[in-house]
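The sequence and the structure are shown below.

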Amino acid sequence: MMKWLLIVDGGATKTACAVVHVESGEIKYSNSTKGSNYQAIGTESASAVLQSLLANVYDFLQKQEDSKIEVATFALSGIDSPKDHEIVSAIVQQAISSTSLQVDTLIIENDAQATLLGVTAEQAGALLIAGTGAIAYAFDGSKIARAGGWGHRAGDEGSGYWLGQEVIRAIFKMEDGRGEPTILKNAVYHYLRIQDVTELAAWLFNPSYTNAQLAKMGAFLADAVTKKDSCAIQISMQAAHELVLLACAVLKKIGYNGGTFNLYCNGGAIKHNPIIFKTFSQEMKSMYPQIEVSLCQHQPIYYLIERTKRAYDNL
């Protein structure tokens, strides 16, 4: 019998999956689709995304000889409370049932928490994710603490969504005469294929608008920073400061007071804007000299695979 591990990494922007052969440890199948955070798209849409993804997994396994999924890990965003876990568990169970997949051991957890335990190999450490949203987790070896990740309506400062929002705000202020000129306007207008500020406002309230689309606007900051655009530099520096506040908050929750400690960073907002990561690292090191700040070198799903392998080994 061929034994498999199934890993699903569901974020606000993208949901990725991998099927790993237990004996070889190799990824034999992978796929990705749109985001599956039920808080952002609703339970029905989240269920549809997972069902579609798992249907393709089922088709792959049907082509293998006598296959069995030993452990399936669903690391999904939107699990922020016991109630969320209950809702997401029902979504996952429905998706599995609809595709007739047989899973021996099922793990359902917050994506950031699962990635933290994967990247640290379940040792003490911290993970800050600045993707579409922003969240931080820390592990002292026995307990896990969290800060941020409360959503775009009230938080997620320093995230991709927050960056996109600041870029759009800067353009509106420029067009009104309330703010300084910025080359961000040209980049955004060209990307959206629009001509003026009224079209930008219309885009924001278009029925097809999503938070992920606004987060993409933040991607123009890095290039504008290299061209010495002062507005882009200010936004990026403020983002770094907000992420420092987030990281410090979660470190305080686990009682960190010095000593060797690894802080990993992931997510497009911090990985694709060098000034944000540089400023963040410098501020963190100035406060906590023994903290080692580094960018995650792999996609989150690779860390989730390692975590799932350990779960299988511990069965």
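In this predicted model, five strands form an open sheet in the order E8-E7-E6-E9-E10, and their pairing is mixed. Strand E8 (144-148) and strand E10 (291-295) are the edge strands, each pairing on one side only. From one strand to the next, the twist averages 15°.

Within this sheet, strand E6 (residues 125-130) pairs with strand E9 (residues 261-266) in the parallel sense, over four bridges. Leu 127 has Tyr 264 in E9 as its bridge partner. In general, the strands of a sheet pair through backbone hydrogen bonds, either parallel or antiparallel.

| Helix | Strands touched or crossed | Direction angle |
|---|---|---|
| H10 (residues 230-253) | E6, E7 (134-139), E8, E9 and E10 | about 155° with E8 |

The length of H10 can be checked against its residue count. At 1.5 Å a residue, the 24 residues of H10 should span 34 Å, and the end C-alpha atoms are 35 Å apart, which agrees with that expectation.

Both ends of this helix have local features. At the start of H10, the backbone nitrogen of Cys 231 has a side-chain oxygen of Asp 229 within 3.2 Å. After H10 comes Gly 255, with a positive phi near 75°.

Key
Residues are numbered from 1 along each chain as its sequence is written. This is a predicted model: local features need pLDDT of at least 70, side-chain atom pairs count only at pLDDT 80 or more; totals for chains, interfaces and linings use all residues. Side-chain values use heavy atoms; hydrogens and water are left out. Helices (H or I, at least four residues) and strands (E, at least two) are DSSP runs, numbered from the N terminus. The expected span of a helix is 1.5 Å times one less than its number of residues. A polar contact is a pair of N or O atoms within 3.5 Å; within protein, one must be able to donate a hydrogen and the other to accept it, and residues adjacent in sequence count only if both atoms are side-chain atoms. Two strands pair if DSSP finds at least two bridges between them. Axes are lines fitted to C-alpha atoms, for helices over the stretch in contact, and angles run from 0 to 180 degrees between N-to-C directions. Contact means heavy atoms within 4.5 Å.
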